[in-house]
Amino acid sequence: MKTRIIIAALCAISLTSCGALSKVSLNQEALASAAVKTITATTITDDEIIQLSQQSVAYMDSTNTVSESGKYYDRLTRIAKEIKAPEGLSLNFKVYITDEVNAFACGDGSIRVYSGLMDAMDDDMLIAIIGHEIGHVVHKDSKAAMKRAYISSAARDAVTSVGGVVATLSQSILGDLAEAYVSAQYSQKQEFAADEYGFRFAVDNNRDKYSMYKALNKLVELSGGATTSSKVQKWFASHPDSGERAAKVKAMADSL
């Protein structure tokens with residue numbers, strides 16, 4: 001079975017702590033229809049996006065196998081200790097045990113790395129990918145993506161306003177929201193900017209200046225250009241700018 005490849009930046013805009021996400025209560029049923037408030041992209045607030053993000057991360061943590069020991073845990077723990085967090089962002093890391101090649105970053109500093117990505121990348125490339133995902137958060141791309149995912153998912157049919165704050169969602173709705181969000185695509189401009197951020201993030205953390213370039217090439221190699229069920233395989237197949245992205249990053253590295 002071919003490795004599934006998914007690269008996404010999951011969640012959020014806030015640099016505030018989301019607390020003990022594992023303790024977030026997830027309702028089993030959708031909220032009563034009389035209390036439902038449909039929220040559009042123009043009316044959803046930053047606070048609501050923060051809560052949607054926190055619940056989404058908690059959901060993802062609860063539905064994935066999280067490594068608490070072993071080679072993946074030890075490796076990521078070692079890497080995390082060496083990373084300098086962006087100003088105002090306190091990073092926390094977890095490993096999901098799965099063949100998927102994936103990583104995502106949240107605005108509160110939550111970084112989730114899939115073991116499939118760790119198998120495919122060396123430490124330098126892994127840090128560049130983490131930097132790329134953080135770049136989408138820093139540039140507020142993830143705020144817009146969360147709005148789009150929210151509007152396109154069933155979540156808008158099960159959200160109430162309690163003092164202007166999004167209520168807790170059911171697990172099924174969170175699943176729909178997470179799927180829509182992970183499937184979100186960024187513009188060429190946004191991807192170039194996140195690539196540059198990942199490049200500088202790797203350099204600032206004393207890694208090979210070609211780390212982002214190598215990581216992009218590895219993703220293209222893994223995608224194989226095949227239009228399979230893999231989301232990123234489809235993404236690379238439909239976006240001819242992949243080579244251009246790698247070339248731009250290489251040019252930046254060459255200029256150092």
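# Helix packing and loop residues in a predicted model

Helix 2 and helix 4 pass each other in a right-handed crossing. The model is predicted, and the protein in it has 10 helices and 6 strands. Helix 4 also crosses helix 7, and that crossing is right-handed.

**Whole protein**

- The protein has 256 residues, and 50% of them count as buried.
- Among contacts with a separation of 6 or more, 75% join residues 24 or more positions apart.

**Helix 2 with helix 4**

- Helix 2 covers residues 71–82 and helix 4 covers residues 123–138; their axes come within 11 Å.
- The crossing angle of these two axes is roughly 70 degrees. Angles of 65 to 115 degrees count as roughly perpendicular, and helix 2 and helix 4 are therefore roughly perpendicular to each other.
- On the helix 2 side, the contact is made by Arg 75, Arg 78 and Ile 79. On the helix 4 side, Asp 123, Leu 126 and Ile 127 take part.
- By class, the residues of this contact are 3 nonpolar and 3 charged, with no polar ones.

**Helix 4 with helix 7**

- Helix 7 runs over residues 188–204, and its axis comes within 7 Å of the axis of helix 4.
- These axes cross at roughly 130 degrees. An angle over 145 would count as roughly antiparallel and one of 65 to 115 as roughly perpendicular; helix 4 and helix 7 are therefore oblique to each other.
- From helix 4, the residues in the contact are Ile 127, Ala 128, Ile 130, Gly 131, His 132, Ile 134, Gly 135, His 136 and Val 138.
- They meet Gln 190, Glu 191, Ala 194, Asp 195, Tyr 197, Gly 198, Phe 201 and Ala 202 of helix 7.
- This contact of helix 4 with helix 7 divides into 9 nonpolar, 6 polar and 2 charged residues.
- Ile 127 of helix 4 takes part in the contact with helix 2 and also in the contact with helix 7.

**Loop between helix 7 and helix 8**

- Asp 208 is in the loop that joins helix 7 to helix 8, the latter spanning 211–223.
- The relative accessibility of Asp 208 is 26%, so this residue counts as partly exposed.
- Asp 208 and Asp 124 are 84 residues apart along the chain, yet their C-alpha atoms are separated by 6.4 Å.
- With neighbours within four places in sequence set aside, Asp 208 is in contact with Asp 124, Ala 202 and Lys 214. Of these, Ala 202 also belongs to the helix 7 side of the contact with helix 4.
- Asn 206 is placed in the loop between helix 7 and helix 8 as well.
- The phi of Asn 206 is positive, at about 60 degrees, although Asn 206 is not a glycine.
- Asn 206 has a relative accessibility of 71% and therefore counts as exposed.

**Loop between helix 4 and helix 5**

- Lys 140 sits in the loop between helix 4 and helix 5, where helix 5 spans 141–152.
- Lys 140 is not a glycine, but its phi is positive, at about 70 degrees.
- With 46% relative accessibility, Lys 140 counts as partly exposed.

Terms used: Residues are numbered from 1 along each chain as its sequence is written. This is a predicted model: local features need pLDDT of at least 70, side-chain atom pairs count only at pLDDT 80 or more; totals for chains, interfaces and linings use all residues. Side-chain values use heavy atoms; hydrogens and water are left out. Axes are lines fitted to C-alpha atoms, for helices over the stretch in contact, and angles run from 0 to 180 degrees between N-to-C directions. Helices (H or I, at least four residues) and strands (E, at least two) are DSSP runs, numbered from the N terminus. Angles under 35 degrees count as roughly parallel, over 145 as roughly antiparallel, 65 to 115 as roughly perpendicular and the rest as oblique. A crossing is left-handed if the near helix is turned anticlockwise from the far one by less than a right angle, and right-handed if clockwise. Contact means heavy atoms within 4.5 Å. Ala, Val, Leu, Ile, Met, Phe, Trp, Tyr, Cys and Pro count as nonpolar, Asp, Glu, Lys and Arg as charged, and the others, Gly among them, as polar. Buried means under 20% relative accessible area, exposed over 50%, partly exposed in between (1.4 Å probe, protein chains only).
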